Amino acid sequence: MPAEMRTAQEPVIGAPTVADYAGTVANYAPTEHADGHGALVTAVAPESPADDAGIEPGMRVLTVNGQDLTDMIVWMWETDDDAVDLTVLDPSDDTVCATTLERFEGEDWGLEFDGAVFDGMRTCVNACVFCFMTMLPADSRKSLSIRDDDYRLSFLQGNFVTLTNMTDDDVENVIGRCLSPMNVSLHAVTPDVRRRIMGKNAARGMEVLGRLMDAGIEIHAQIVLCPGINDGDELDRTLAFCEEHPQITSLGIVPLGFTKHQNRFTTSYSDDPDAARAVIEHVRPYQERAFRRFGRHTFQMSDEFYLDAGVEVPAADWYDGYPQYYDGIGMIRSYLDDTAAALGDLADVLGRIRRALAERSRTLRVVSGTSAADTVRGFVEDPALGGRVIPIKNRYFGGNVDVTGLICGCDLLEQLSDSLDGDILILPSVMFNADGMTLDGYHQDTLIRELDRRGAEVLVASTMPFELVRSLETALESPEP
């Protein structure tokens, strides 16, 4: 660990107060109406209860059954019956009206809202040494540096949260509404190590975690493993803690990732195959004991560890139904199994795709991050499909960033050939956010236009085997552009 990091993380004298735990709120342009922010209505289904009541897109639902509508948890909790009382703001004339919606059993209310939280996202009060938000390039758009740590998004969307900014009322909300499971960033359990990693509020996270587990809330936990900080004996202590608390039904262990835009880290497990293998072996006894006790392995290594170590990923049953798939745990195994299934089950379809490519004099090329490139080659470059994988090195972030989801537009354009005549080029859909943007600010339409100028026929699609086949089938059935 660099000396400057140790100095920056020295303990601060003085116990934190409850006020220290209240994270700031990122305010995303809610209405200025004095009666409350409410939830912006983005769509209303025709002939639905909301439509019958005259609610229209652009209006805001302020309260539901007398409760301020602050997030989708309140909405789901209060709208479980077949009648619900709302107050609704019409911004066209700044009027607020009360209305009651009624529905048939099982009928949807017909409302869609803008997002999952409506009163501002709870932001992070920590100073984690490995925080990716602090390693972004200076010219990154500001929205990327918002450090959310909102317990509601843990329940609603699977985000990992530290629990350090939760008030007692927040804790009671989780327990009272049984918001389970929760996804918790644990990292370490020894107080001084947690403080060194996370900052002065680290103890609050452990306090809240204990209260949630005592109340029966299921926990999916995570460790970001940093060499020399929370590995070795501290990793043992953290694994033992999880072993002693069966409410923690899965623990994902992911390696430190870093960019070139910082000066704290220069190496990780990606540079040391022996260290990656040692961690895998370190965790194995805990996995085996958990399986004997619960019938699940509980302690899950991220795919990067197996790739960095150069060892085969475990079989599918080792992943306990993939509870942390979204955390990069089991994706490689899933891809390998889908590859075997697709090559066996879709032989006729793959044959038709190859013939259609040949008839159009097209070559299939699939973009990938460097970490997954060899895995993707196993399907794309199999003779049954006959494509080619193009690995894109992440120079925008640098460091050890190499995953497909973080491919940036500038690297793509720089590393692809200026002449792509005859190519059907697959851009992985995970490169883009919901607005079609890459992390460095390129819109997919801009990229497609440039790649089209270079001669490629571009398709944005999942590169998972079955999804890729479906996308190719659809594209090749269409008239040639």
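Thr 463 lies in the loop that runs between β16 (457–461) and α17, where helices (H or I, at least four residues) and strands (E, at least two) are DSSP runs numbered from the N terminus. The model is a predicted one, in which local features need pLDDT of at least 70 and side-chain atom pairs count only at pLDDT 80 or more, while totals for chains, interfaces and linings use all residues. Residues are numbered from 1 along each chain as its sequence is written, and side-chain values use heavy atoms, with hydrogens and water left out.

**Thr 463**
- Thr 463 counts as buried because its relative accessibility is 15%, buried being under 20% relative accessible area with a 1.4 Å probe and protein chains only.
- Apart from neighbours within four places in sequence, Thr 463 is in contact (heavy atoms within 4.5 Å) with Tyr 335, Val 366, Val 367, Ile 426, Pro 428 and Leu 468.

**Helix α14**
- Ala 373, Thr 375, Val 376, Phe 379 and Val 380 are the buried residues of helix α14, which spans residues 373–380.
- These residues lie on the same side of α14 because they cover an arc of only 160° around the axis, the arc being that of the directions from the helix axis to the C-beta atoms.
- The packing partners of the buried α14 residues are α12 (331–345), α13 (347–359), β13 (363–369), β14 (388–392) and α17 (465–477).

**Second largest pocket**
- The lining of the second largest pocket includes Met 72, Trp 75, Arg 103, Asp 108 and Phe 113, and both α4 (72–78) and β7 (111–113) supply at least two residues each to this lining.

Key:
Buried < 20%, exposed > 50% of the residue type's maximum accessible area, 1.4 Å probe, protein only. 1 Å grid on protein atoms, 1.4 Å probe; cavity = no way out; pocket = protein on both sides within 12 Å on 5 of 7 lines; lining within 4 Å.
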